[in-house]
Amino acid sequence: MSKKTRKKSTKSTSKAKGAKAKPAKRAAAKKPSGTVTRKVAKKAKAKTGATKSTATKNATKKKSAATTSRRSGTKAVPARKPAALTPVRKAEPLTEGQSAPAFALPRDGGQSVSLADYAGRNLVIFFYPRADTPGCTLEAVAFSRLADAFAEARTAVLGVSADPIAAQEKFRDKHGLTVPLVSDEELGMLTAYGVWGEKSMYGKTFMGISRTTVLIDPEGKIVRIWRNVKVDGHADEVLAAAQST
């Protein structure tokens, strides 16, 4: 065989070997891809296992807490609904013979009055529901008409309601009232004297003042109480009681 022929043969053999080697390289290149897929699958499996493990631990904790709660005799407290508002109940009424509750309140004209101001003389307090209403107007006018007679009997007279001072002064000016009008907007005195509480009218219940009159002697004792007052002739009846005290 000549040299040229051997060279050609060698080249052909080399090409043939090179052609066979290429598929081997491609196959080798694909192998890492499969390895990565397996690694990702292993990680996903591990993550799933961790999630299941966490869920199992949480379930175990809840079960353990429930078991502990049962053993200790405690129960889960459900969420409470807002409590219903408790209606204000009427104060306990005063009784004759007891000491009159002290008070200090503003009156018309920008002044103030207190129980102590009337020590040594009788005091009549008439509680009325609302200024400038028909019944309250008749009552206040009647006490004003008898103001001099009460003074001769050494008896002072006060009218008390929950109206503000401005309303009391308007009431006074409109009807020419001469008795002091006291304002108890915070209801302290009205409650203490038992005249503030539940009332009903036309089938409806509401909080308000029960028309009441109290006669207090010079020592601060309650001598007489008139409840559910009927306006006609009431001021004259109170005057007679004051004159005999």
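Two strands are said to pair if DSSP finds at least two bridges between them. In this predicted model, strand 3 (residues 122–127) and strand 4 (residues 155–161) pair in the parallel sense, with six bridges linking them. Within this pairing, I125 stands opposite L158 of strand 4.

The pair belongs to a wider arrangement. Five strands make up an open sheet, ordered 5-4-3-8-9, and their pairing is mixed. At the edges lie strand 5 (181–183) and strand 9 (222–227), each of which pairs on one side only. From one strand to the next, the twist averages 20°.

Helices pack on this sheet as well. Helix 2 touches strand 3, strand 4 and strand 8 (212–216), and its direction makes about 160° with that of strand 3. Helix 4 (residues 165–175) touches strand 4 and strand 5, and its direction makes about 165° with that of strand 5.

Because its relative accessibility is 11%, T137 counts as buried, the cut-off being under 20%. Apart from neighbours within four places in sequence, T137 is in contact with D132, F171 and H175.

It remains to view the protein chain as a whole. The chain contains six helices and nine strands, and 31% of its 245 residues are buried. Of the contacts between residues at least 6 apart in sequence, 64% join residues at least 24 apart. The accessible surface of the protein chain comes to about 16,700 Å², and carbon and sulfur atoms account for 56% of it.

Conventions:
Residues are numbered from 1 along each chain as its sequence is written. This is a predicted model: local features need pLDDT of at least 70, side-chain atom pairs count only at pLDDT 80 or more; totals for chains, interfaces and linings use all residues. Side-chain values use heavy atoms; hydrogens and water are left out. Buried means under 20% relative accessible area, exposed over 50%, partly exposed in between (1.4 Å probe, protein chains only). Contact means heavy atoms within 4.5 Å. Helices (H or I, at least four residues) and strands (E, at least two) are DSSP runs, numbered from the N terminus. Accessible areas come from the Shrake-Rupley method with a 1.4 Å probe; for residues, only the protein chains shown count as cover. Axes are lines fitted to C-alpha atoms, for helices over the stretch in contact, and angles run from 0 to 180 degrees between N-to-C directions.
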